Amino acid sequence: MALLDPWLERLRRVRDALVANPRFQRWALKNPITRPLARRGARAGLDLAAGFVYSQVLVACAQLKLFDILRDGPLSLDALATKLALSEPATRRLLEAAASLGLAERRGGAYGLGLLGAAFAGNRAALAIVEHQPLLYADLADPVALLRQEKRGRLADYWPYSDGVAPESLSAQQIGPYSAFMAATQPMVAQEALDAYDISRHRRLLDIGGGEGVFLAAAAARAPHLQLALFDLPAVAARAKERLEESGLLSRADIHGGDFLNDPLPEGADVATLIRIVHDHDDASALKLLRNVRKALAPGATLLIIEGMSGIKGAEPLDAYYGFYTLAMGRGAPRRVEEIEALLREAGFGKFRLLRNALPALTSILVAEAV
């Protein structure tokens, strides 16, 4: 493949050779002009090398409910040891590690919440994601074996529909764990999407792969006139019916069970949503899904793709996270906006708009129109 700018590539090769040279590295640290940049690079390297330990400290804090314990104010080491059911040395080790990461904070002879810890304490959905992560960490214990597909990821069993074999026949027991997880983490995605897109302009919303109806409930609160419809696997749809009935929204909602790759989707909606769905599928399955969605929508209807996307400024690490998460899951991959648009175009959509939203590291929102 020809380089777009050979001169720029030559400069990059010179840069790479310099940065890789130990003598240059030492010089850069000694030189007062380059020292700040060299130190930032060294810190970034440390964060990458130690990142797994950081994540395990966070998991331990979440599993031990440390953030909940500290919400009412700082506590002494011995009081924390009692509440955490740890020895004082172990408690000190955890709290010192948490303080170094901004999760906790030393306050005299006690420990309180750090800035990041306070943010987690106020975000139950984020904590649900943290508590889910050990499944992924187990799959990443041997990343090379995972890349070579020499092992089956535990996440493939957690998401049983990823095998693609008769997903509509999955039992309530099989879908329970992942369905509950999606429901717990959906509120922050729903809020981000609904802040960026005015759902009240529509009359009927169809949420495809809508889980337990969390997004529908959030949309209903924003638009009291909005009629609701949900399509998901039969066992998931049954959970959605229960949740929407409990929230008093079932009279506004039609719940449908089936396989969205193979079964006809309900018609009549002027806006449809696919939330954290497309990146779970390979190109062939994603295209099949999008074509099925297009069949259900009249020309001029809107489709919202709501998920983490590759190459988004401010969300660059999602390529690493979703790339390996979907690998462990057994299918799918993060896609760039233009790659999603190409699939949408082939399925019969056009007039694409990527919305600006406050937290692209959480999700992006791509708007398409049925043509």
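**Legends: pockets and cavity of a predicted model**

**View 1. The whole protein chain.** Of the contacts in the protein chain with a separation of 6 or more, 65% join residues 24 or more positions apart; a contact means heavy atoms within 4.5 Å. This is a predicted model, in which local features need pLDDT of at least 70 and side-chain atom pairs count only at pLDDT 80 or more, while totals for chains, interfaces and linings use all residues. Residues are numbered from 1 along each chain as its sequence is written, and side-chain values use heavy atoms, with hydrogens and water left out. The protein chain has 17 helices and ten strands (DSSP runs numbered from the N terminus: helices are H or I with at least four residues, strands E with at least two). Its C-alpha trace spans about 65 × 60 × 40 Å along the principal axes. Of its 371 residues, 47% count as buried, meaning under 20% relative accessible area with a 1.4 Å probe, protein chains only.

**View 2. The largest pocket, with a volume of about 1700 Å³.** A pocket is an open set of points on a 1 Å grid over the protein atoms alone, with protein on both sides within 12 Å along at least five of seven lines; lining residues have an atom within 4 Å of a point. Volume is the space filled by probe spheres set on the points, which are joined across faces, edges and corners. The lining holds 47 residues, and those closest to the centre are Ile 129, Gln 133, Tyr 137, Leu 318 and Tyr 321. Helix 16 gives the most to this lining, with eight residues. Other helices that supply at least two residues include helix 3 (35-63) and helix 12 (172-196). By class, the lining has 32 nonpolar, eleven polar and four charged residues (nonpolar: Ala, Val, Leu, Ile, Met, Phe, Trp, Tyr, Cys and Pro; charged: Asp, Glu, Lys and Arg; polar: the others, Gly among them).

**View 3. The second largest pocket, with a volume of about 410 Å³.** Of its 29 lining residues, Tyr 161, Tyr 178, Asp 232, Phe 260 and Ile 277 are the closest to the centre. Helix 12 supplies the largest share of the lining, five residues. The classes are 14 nonpolar, nine polar and six charged.

**View 4. The largest cavity, about 50 Å³ of space.** In a cavity, a 1.4 Å probe fits but cannot get out. A search of the whole structure finds one cavity of 30 Å³ or more. Among its lining residues are Cys 61, Lys 65, Asp 68, Arg 124 and Glu 131. Helix 3, helix 4 (66-70) and helix 8 each supply at least two lining residues.

Key. Buried means under 20% relative accessible area, exposed over 50%, partly exposed in between (1.4 Å probe, protein chains only).
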